[in-house]
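Please examine the sequence and the predicted model before working through the solutions.

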Amino acid sequence: MHADQVLAVLAHLQAAGVRAWIGGGWGIDALVGEQTRPHDDLDLAIDTRDQAHTIQTLQHPGFQIAEDHRPTRFVMRTSIGTEVDLHPVDFTGPGPGVQLVPGGTPFLYPTDAFTTGRIAGHPVACLSAVQQLRFHLGYPPQAKDHHDMRLLRDRLGLTIPPPY
């Protein structure tokens, strides 16, 4: 997925009133202010209350649900393979936002989980470096995850625990 595609998806969602925060590889690249590797998809955290509206909004430019693992996540994809991986977060409680992961375990989105980064020079809402680290510690890392964690360490000064 290219930067112009990311910005187009974000603009489409913003025009429809959907709040979304970039996570994953594009989120880390937004934090460091440049694209550092190729990306297969765009990871977005969205408010659970916006799920139906997000689906409807992304259907206009040709996205369809390709994988449905709700309440944890769902993937929308175009016929040419452009992919958005959506992570619904429940912000209705009194504390931090909550994303349910497999087995019903809560993954928390506290107030420090959100910030602003830049993609192709444009400011974008994204997950903070600390939240990206929290997220990446929840599964076995792949080569791209090692790359992303090195960026958090080398460019943003985070202490990264093993296995990174």
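**Salt bridges in the predicted model**

A network of salt bridges links E67, R73, R77, E83 and D85. In total, the salt-bridge count comes to 11.

**Exercise 1.** Determine which parts of the chain the pair D85 and R73 links, and classify the accessibility of each partner.

*Solution.* 
1. D85 and R73 form a salt bridge, with the closest N and O atoms 3.0 Å apart.
2. This pair links distant parts of the chain: D85 lies in strand β5 (residues 83-89) and R73 in strand β4 (residues 73-77), 12 residues apart.
3. The relative accessible area of D85 is 7%, so D85 is buried, given that buried means under 20%.
4. R73 has a relative accessible area of 22% and is therefore partly exposed.

**Exercise 2.** Assign an accessibility class to R153 and to D154.

*Solution.* 
1. The side chains of R153 and D154 meet in a salt bridge, at 2.7 Å from N to O.
2. With a relative accessible area of 37%, R153 is partly exposed.
3. D154 has a relative accessible area of 53% and is therefore exposed.

Terms used:
Residues are numbered from 1 along each chain as its sequence is written. This is a predicted model: local features need pLDDT of at least 70, side-chain atom pairs count only at pLDDT 80 or more; totals for chains, interfaces and linings use all residues. Side-chain values use heavy atoms; hydrogens and water are left out. A salt bridge is a side-chain nitrogen of Lys or Arg within 4 Å of a carboxyl oxygen of Asp or Glu. Helices (H or I, at least four residues) and strands (E, at least two) are DSSP runs, numbered from the N terminus. Buried means under 20% relative accessible area, exposed over 50%, partly exposed in between (1.4 Å probe, protein chains only).
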